[in-house]
Amino acid sequence: MPTVRGDASRVVADPAFDDHRTPSIELLDDCVHCGFCLTTCPTYQLWGEEMDSPRGRIDLVRSAREGAPLTGSTVAHLDACLGCMACVTACPSGVRYDRILETTRAQIERRVERPARDRALRSLIFGLFPHPRRLRVLRGPLRLAQRTGALRLVGRTGLVGRVSPELEVMQSLAPPLGPRVEVPERTPAVGPRRAVVGMLTGCVQREFFGDVNTATARVLAAEGCDVVAPRRQGCCGALSVHTGREEEGAAFARRLIDTFEEAGVDSVVVNSAGCGSTMKEYVHLLSDDPDYAERARVFSQKVRDLSEILAELGPVAPRHPVGPAGGPEDADAGEDADAGETREVVIAYHDACHLRHAQQVVRQPRDLLRGIPGVRLVEIPDAEICCGSAGVYNILNPEPAAELGDRKAANILSTGADLLVTANPGCLMQISQALERAGRPVPFVHTAVVLDASIRGEPLL
């Protein structure tokens, strides 16, 4: 066991790393310090500090690998990383910063005892978010508090923020809740069956964005898929893995593999970018588990983002416009207005980091949106920069996350888009909050919701 000493401001683990999955010196040596990562790193853009850039953090890990202790300062710089993987996309040397960060964070969680307040917050987060049944218990009182205005009233007092800024963020991120909806365990294909797919229903997605899941199932069915959404499925482990809780994440992964093996599906479709990126990496997470290594490899190869599977299948269901009938100028046009026409809809598509950078899925969602009649797609400036959500980063690090969210909101608003679309629930909550702060909310939906509306012929605006 490590020697841990110091107070909350300076915790030290010496030696830094144990022998289990020590950060690879070969991966560390791939970094040539060229600096291409700097322009896409959110924290370097915020603070301009070398140790808050990917290459700076790699130097910190290298020092620990060579015998330096994990000091409070080192842990703070590594904790400050969003894990957005924009540096992986930008790196001309192919540095696998994602692997370096994942193994290092797992070492930190095993080796360093965090301050009591931090431990309590993390216990709350991981005792709640990866557990759909617990979220369901919370959902009812939260919805009641929203409908009665009690949640808004509490927010205006600022009391929660004075007690804990992190808890205030958790409170403010909650989306408006309607009646709970659930995906059927099996949704039959419409027309000739083209595939049998499993569907991850998720944790936060299942309980707070049930409409996204039902839209996903309908779209897949309309495109000829039998959709299997096993009731017994649990968390995929993404939040745990991304924050270094390796064994917890691996336990979730094993259970999910068991569940979808029993379902007997061709592919496993995911509509949450962070979940999908982790599930595709089960092959590495479970590589030293003799009972699951090969099963994880097979499973990872079956995982597809919703946009990927739809692009692979190709569209068969007809698309309809999603804009309102007529244009804004038609109100005074009298009998000359053509009530059958639909106004062009300008859509800004926000890339979730774990879809764009971790999974390299960029073209497919854009092609799907462009396939909708009457849609004009516009790009968001600095699209490669994270919005600040990053799993639970916006809860653990509320101030930098809010600043990144505000920057993202300003860039979105500069596009003049009528509708904002993304493929990740965390981004939806984070950016919606930032747009509210800016006083200019924009309708914001998941890709699945847009496609479902188009196929069903139901305008969104």
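Biologist: In what order do the strands of the open sheet lie, and how many strands form it?

Modeller: This is a predicted model. As a general idea, the strands of a sheet pair through backbone hydrogen bonds, and the pairing is either parallel or antiparallel. Here 5 strands form an open sheet, and their order is β3-β5-β4-β6-β7. The pairing in this sheet is mixed.

Biologist: Which are the edge strands?

Modeller: An edge strand pairs on one side only. In this sheet the edge strands are β3, residues 186-187, and β7, residues 303-305.

Biologist: In what sense do β3 and β5 pair, parallel or antiparallel?

Modeller: β3 and β5, residues 225-228, pair in the antiparallel sense, over 2 bridges.

Biologist: Which strands does helix α13 touch?

Modeller: Helix α13, residues 210-222, packs on the sheet and touches β3, β4 (195-199), β5 and β6 (267-270). The direction of α13 makes about 150° with that of β5. Helix α18, residues 293-302, also packs on the sheet, where it touches β6 and β7. The direction of α18 makes about 25° with that of β7.

Biologist: Which residues are closest to the centre of the largest cavity?

Modeller: The largest cavity is lined by 17 residues, and the closest to its centre are Cys31, Cys37, Pro54, Cys91 and Val95. Two helices, α3 (54-65) and α5 (86-90), each supply at least two residues of this lining. With 3 residues, α3 gives the most. By class, the lining of the largest cavity has 12 nonpolar, 3 polar and 2 charged residues.

Biologist: What is the volume of the second largest cavity, and which residues are closest to its centre?

Modeller: The second largest cavity holds about 90 Å³ of space. Of its 14 lining residues, Cys41, Pro42, Cys81, Cys84 and Cys87 are the closest to the centre.

Biologist: Which helices each supply at least two residues of that lining?

Modeller: They are α2 (42-47), α3 and α5. The lining of the second largest cavity divides into 10 nonpolar, 3 polar and 1 charged residues.

How values were computed:
Residues numbered from 1 in each chain as written. Predicted model: local features only at pLDDT ≥ 70, side-chain atom pairs only at ≥ 80, totals over all residues. Heavy atoms only, no water. Pairing = 2+ DSSP bridges. Helix = DSSP H or I, 4+ residues; strand = E, 2+ residues; numbered from the N terminus. Contact = heavy atoms within 4.5 Å. Axes fitted to C-alpha atoms, helices over the stretch in contact; angles between N-to-C directions. 1 Å grid on protein atoms, 1.4 Å probe; cavity = no way out; pocket = protein on both sides within 12 Å on 5 of 7 lines; lining within 4 Å. Nonpolar A, V, L, I, M, F, W, Y, C, P; charged D, E, K, R; others polar. Points joined across faces, edges and corners; volume = space filled by probe spheres on them.
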